[in-house]
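Here's a quick briefing for anyone opening this structure for the first time. Have a look at it, then read on.

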Amino acid sequence: MSEHYYTGKPTVKHDTRTLKETLRGIDFTFLTDAGVFSKGGIDYGSKALIRSMQIADKARVLDVGCGYGPIGLTAAKLVPSASITMVDVNERAVELSRQNAEANGIHNVEVLVSDCLSAVRDRSFDCVLTNPPIRAGKEIVHRIFEQAADGLVPGGKLWVVIQKKQGAPSAVSKLETLFSSVKEVDKDKGYRIIVCEK
């Protein structure tokens, strides 16, 4: 069976490359590698979430399934007063996110290896951002939603991007069991941006 990006310790041979991206008007340089999600360029869903996400000043923000870091690092640059925690099960992705934070002069981030939110279960957040790992299966995606609901402060928000054809309706049904408010705030080429309020 081939290895997936949600593998904890990828064994696929390294194939590092550098990407230049402009996100929310900010220029970034990202180092990527084999064995991580969307290594050849930032995927459309993540870009859609980045375009839509709103981060409050001084917010405590969690990026779940951060990959090499585009969502969390953009949030950190957009709102320097916020504190951003980024987590991923993939150790290679976590190391890339750390390197990308340093390369882009970003210091208001912490990047942790974590199976879903296991490494941050003792913390609370104002905002959780996720482009969930659909290929990891519904059980993992739903666990992310459940743990995000547990980790948010009252009034906190979960921002999710998900493709309609990859299960947006069932994801929304699950989210409606966990949150007081679930709203689709944007759609873009089949991707739905969903904001859930605790």
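**Starting from one asparagine**

The side chain of Asn108 has a polar atom 3.3 Å from the backbone oxygen of Pro80. Keep in mind that this is a predicted model. We'll stay with Asn108 for a moment, then zoom out.

**Around Asn108**
- You'll find Asn108 in the loop that links α3 (91–103) to β5 (109–113).
- Is Asn108 buried or exposed? Its relative accessibility is 19%, and buried means under 20%, so Asn108 counts as buried.
- Setting aside neighbours within four places in sequence, Asn108 touches Ala76, Val79, Pro80, Ala82, Ser83 and Ile84.

**The overall build**
- The protein has 5 helices and 9 strands.
- Following the sequence, they come in the order β-β-α-β-α-β-α-β-β-α-β-α-β-β.
- The radius of gyration is 15 Å, close to the 16 Å that the globule rule gives for 198 residues, so the protein is as compact as a globular protein of that length.
- Along its principal axes, the C-alpha trace spans about 45 × 40 × 35 Å.

**Inside and contacts**
- Of the 198 residues in the protein, 50% are buried.
- Take the contacts between residues at least 6 apart in sequence: 67% of them join residues at least 24 apart.

Conventions:
Residues are numbered from 1 along each chain as its sequence is written. This is a predicted model: local features need pLDDT of at least 70, side-chain atom pairs count only at pLDDT 80 or more; totals for chains, interfaces and linings use all residues. Side-chain values use heavy atoms; hydrogens and water are left out. Helices (H or I, at least four residues) and strands (E, at least two) are DSSP runs, numbered from the N terminus. The radius of gyration is taken over C-alpha atoms; the globule rule is 2.2 Å times the number of residues to the power 0.38. Buried means under 20% relative accessible area, exposed over 50%, partly exposed in between (1.4 Å probe, protein chains only). Contact means heavy atoms within 4.5 Å. A polar contact is a pair of N or O atoms within 3.5 Å; within protein, one must be able to donate a hydrogen and the other to accept it, and residues adjacent in sequence count only if both atoms are side-chain atoms.
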